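Q: Hey, I've just opened this one and could use a hand. Can you walk me through it?

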Amino acid sequence: MAEPILQIEGLAKSFGSLVATDDLHLDIEQGEIHAIIGPNGAGKTTLIAQLSGELKSDSGRVRFAGRDITTLSMPARSALGLARSFQITSIFPDFSALDNVALSVQAHAGHSFRFWRPAGRDPGLRAPARKILDEIGLGSRADEPAANLSHGEQRQLEIAMALATRPSLLLLDEPMAGMGRDESAKMVNLLRDLKGRHTIVLIEHDMDAVFALADRITVLVYGRAIATGAPGDIRANDEVRAAYLGTETAQEVSSA
Amino acid sequence: MDRRQIWLSLATLAMFAAVPPLTVIFDQPFYMDMIARIMVFAIAAVSLDLILGHGGMVSFGHAVYMGVGAYAVGILSYYGLDNGFLQIPVALGASALIGLVFGAMSLRTTGVYFIMITLAFAQMLYFLAISLEEFGGDDGMSSMRSEFGGVIDMYDAMQFYYVIFVVLALVLFGLHRLVLSRFGMVIRAARSNDRRMQAVGFPTYRYKLAAFTLASTICGLAGVLFANLNEFVSPDVMHWTHSGELMVMVIMGGMGTLIGPVLGATAFLLLEEYLPQWMEMAMTNAGEHWAIIMGPILIAIVLFGRGGIHALFAATIWRSGGKRNG
């Protein structure tokens with residue numbers, strides 16, 4: 001088997017006395033959808049922030065496509081093909097949907113110290129952006145200001161912006177957050193389409209989606225990976241049941 | 001940047017262009033001076049709008065670059081170097097360099113810290129200018145108008161006026177192009193969401209720094225014209241209240257609209273000129289307290305007139321849809 005696209009070795013991060021990531025070791029294989037699940041506060045979003053370069057890690061190393069990226073900035077990691085979507089929708093509301101995606105294209109089309117020609121009429125940016133919007137099912141909404149899109153559409157746009165950077169690895173932070181059943185189903189289909197073309201690290205609370213999509217699942221509890229394996233193995237894992245499913249059941253009981 | 005905005009810009013420029021013939025016809029040369037002054041501040045305000053309105057960088061020390069441009073002219077003139085072809089490159093180079101250095105340090109911070117650090121740098125240069133005894137210190141110094149090898153006579157009021165006019169028009173056109181360019185997209189998007197810009201792969205710091213430096217340079221050019229206008233240079237140009245006034249012009253006129261700050265500069269300087277006179281007419285000795293009226297006007301514009309004078313024009317003259325400007 002080929003070398004893993006992403007290798008996480010002994011990664012750690014604490015905020016004061018709170019340990020968010022605790023000596024984490026994890027390999028992400030080329031082409032897989034690797035879901036990371038865990039109860040609230042398990043450190044999933046912190047991990048994404050560390051992998052994308054937004055947060056500096058206290059210790060440990062991250063290798064991406066054979067290269068040590070531990071100290072690289074967010075833009076530098078993006079340039080290498082590591083893209084990220086945000087748990088809280090993070091788009092440019094005043095710009096059209098097309099502008100949003102075109103910006104991502106522009107970020108990887110050489111430097112932007114170009115002061116004269118209007119970017120809004122640059123076929124080198126618009127055409128690829130439009131193609132991605134079409135693929136993702138937002139083609140008809142291209143010229144709409146992003147603020148006017150529905151929540152589900154904004155979540156799709158979020159993914160489109162990540163895709164437009166032509167990433168080899170996508171870090172998706174709860175792409176289904178706040179979505180209704182129909183919207184979630186659409187997103188599952190979308191991610192299934194992406195499978196094979198991109199390696200995806202998927203953080204998600206929607207367990208139906210996770211078990212439908214993931215090739216492998218890692219369960220994170222208090223910043224530690226307590227189990228990694230195929231969906232079937234994870235479902236049958238006693239430790240996971242106790243640590244994760246157990247707490248949820250307990251919560252359900254107490255709230256009932 | 002829609003069509004209405006372009007028409008409003010052209011109409012404004014057309015009015016400025018028409019001023020000199022009108023002042024001749026009505027024999028009111030004073031107004032030509034006044035509008036020339038307004039245009040000089042308009043250039044400075046437009047340059048501030050690039051970083052404040054479009055880039056979201058609230059620089060509270062922008063007038064300092066006007067001072068750098070003005071002092072470049074004043075100091076060269078002091079040594080007998082009145083050639084504008086020398087003065088302008090020196091002035092632009094100096095304001096660009098200082099903008100680059102101040103920007104490089106200020107842009108490491110954001111929010112209130114950015115406001116405070118730009119103010120601190122500006123005050124630093126202000127007090128440096130005061131300490132320059134050789135160049136008049138606190139009192140400033142008189143300076144000759146620039147010479148352009150006989151091509152342009154800056155002492156001819158009409159020629160001088162149109163020099164300023166052409167600079168304003170070119171700055172507006174250039175920045176209009178810039179705002180829509182790839183570079184412009186980056187700084188506008190970074191204002192809205194810097195973190196996201198970094199995540200999609202833009203090292204935003206260097207783009208913001210370039211915008212900051214460019215704005216400083218253009219403001220330095222306004223300073224060159226300011227020194228020529230007054231034939232006098234003093235530290236007062238760099239005082240923080242003038243930085244504040246530039247911000248007021250931008251906000252009053254409409255942030256992120258380019259032509260708005262021109263309208264803002266016009267409104268602000270006209271009010272500053274006429275408000276005391278009107279108040280004097282209403283009540284003796286009331287004129288010196290003009291700030292009592294000016295203050296509430298500014299507050300009202302900030303509270304109720306979001307989008308400034310520009311939005312007012314856009315809403316009343318053209319009553320079509322399209323509330324958003326991209």
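Q: How do helix 6 and helix 9 of chain B run relative to each other?
A: Their axes come within 11 Å and cross at roughly 170°, so helix 6 of chain B and helix 9 of chain B are roughly antiparallel (an angle over 145 degrees). Helices here are DSSP runs of H or I, at least four residues, numbered from the N terminus. This is a predicted model, where local features need pLDDT of at least 70 and side-chain atom pairs 80 or more, while totals for chains, interfaces and linings use all residues. Residues count from 1 along each chain, chains are lettered from A, and side-chain values use heavy atoms, without hydrogens or water.

Q: Which residues meet there?
A: On helix 6 of chain B they include B:F160 and B:L178, and on helix 9 of chain B they include B:L214 and B:N228. Contact means heavy atoms within 4.5 Å.

Q: OK, new topic: how many residues of chain B are in contact with chain A?
A: 29 residues of chain B are in contact with 36 of chain A. The two chains bury about 3000 Å² between them, 61% of it on carbon and sulfur atoms; that's accessible area (1.4 Å probe) lost on being put together, summed over both.

Q: Which three residues of chain B supply more of its buried area than any other three?
A: B:R177, B:R182 and B:R196, with 28% of what chain B buries against chain A.

Q: And how many salt bridges cross over?
A: Three (Lys or Arg side-chain nitrogen within 4 Å of an Asp or Glu carboxyl oxygen). B:R195 and A:E54 meet in a salt bridge at 2.3 Å, N to O.

Note on methods
Axes are lines fitted to C-alpha atoms, for helices over the stretch in contact, and angles run from 0 to 180 degrees between N-to-C directions. Helices (H or I, at least four residues) and strands (E, at least two) are DSSP runs, numbered from the N terminus. Angles under 35 degrees count as roughly parallel, over 145 as roughly antiparallel, 65 to 115 as roughly perpendicular and the rest as oblique.
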